[in-house]
Amino acid sequence: MFLKRDIDPAAPHHYLVVPREHIQSCLSLHKGHIDLVKRMAEMGKAVLRDQGITDMKDIRLGFHQPPYISVNHLHLHVLAPSSRISEYMKYKFMPETKSFVTEKGLRERLKDNDSPDQNCFGSCMWQQ
Ligand SMILES: [Zn+2]
């Protein structure tokens with residue numbers, strides 16, 4: 001797993017946590033990835049703490065969902081403070097929408113997902 005600064009930051013702190021393993025998007029994930037998602041979130045939070053962020057309620061952690069993804073490699077967006085996400089980019093990081101799912105929301109969804117195909121709409125068509 002490694003960390004990058006988002007080149008187009010939407011908040012004062014905006015990082016990306018990227019797993020080394022090649023995973024196309026959050027729709028390619030299943031139950032067996034819950035731990036990975038957790039570890040990605042933990043890394044994101046650790047970085048925010050390092051940067052002096054103390055209000056862990058005012059942060060946003062989540063993934064873009066296909067087809068609203070810009071690169072073909074899973075990455076977790078880590079934004080803080082969430083109350084300062086810029087107005088014109090807000091729609092990109094709205095929790096639990098078609099385009100963005102929070103880390104928590106994704107883990108909930110993966111609990112009942114034994115194989116990635118079960119909730120594969122966009123991404124499968126998209127891979128062909
Ligand atoms: Zn993204």
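1. Gly52 follows helix H1, and its phi is positive, near 90 degrees. Helices (H or I, at least four residues) and strands (E, at least two) are DSSP runs, numbered from the N terminus. The model is predicted: local features need pLDDT of at least 70, side-chain atom pairs count only at pLDDT 80 or more, and totals for chains, interfaces and linings use all residues. Residues are numbered from 1 along each chain as its sequence is written, and side-chain values use heavy atoms, with hydrogens and water left out.

2. Helix H1 covers residues 34-50, and its 17 residues should span 24 Å at 1.5 Å a residue; the end C-alpha atoms are 24 Å apart, which agrees. The expected span is 1.5 Å times one less than the number of residues.

3. Several residues of H1 are buried, namely Ile34, Leu36, Val37, Met40, Ala41, Gly44, Val47 and Leu48. Buried means under 20% relative accessible area, exposed over 50%, and partly exposed in between (1.4 Å probe, protein chains only). Their cover includes strands S1 (2-5), S2 (13-18), S3 (60-64) and S4 (76-80), together with helix H2 (103-111).

4. Met1 lies in the segment before S1 and counts as partly exposed because its relative accessibility is 33%. Not counting residues up to four places away in sequence, Met1 touches Val17, Val18, Pro19, Arg20, Arg39, Met40 and Met43; contact means heavy atoms within 4.5 Å.

5. The zinc ion has His75 (NE2) and His77 (NE2) as its protein donors, lying 2.1 Å from it. Donors are N, O and S atoms within 2.8 Å of the metal (3.2 Å for Na, K and Ca); water is not among the atoms, so sites may look incomplete. Both histidines, His75 and His77, are buried.

6. The structure holds one cavity of 30 Å³ or more, and the largest cavity has a volume of about 50 Å³. A cavity is a set of points on a 1 Å grid over the protein atoms alone where a 1.4 Å probe fits but cannot get out; lining residues have an atom within 4 Å of a point. Grid points are joined across faces, edges and corners, and a volume is the space filled by probe spheres set on the points.

7. Ser99 sits in the loop between S4 and strand S5 (100-102). Ser99 counts as buried because its relative accessibility is 13%. Leaving aside neighbours within four places in sequence, Ser99 is in contact with Phe63, His64, Gln65, Tyr68 and Tyr91.

How values were computed. On a 1 Å grid over the protein atoms alone, a cavity is a set of points where a 1.4 Å probe fits but cannot get out, and a pocket is an open set with protein on both sides within 12 Å along at least five of seven lines; lining residues have an atom within 4 Å of a point.
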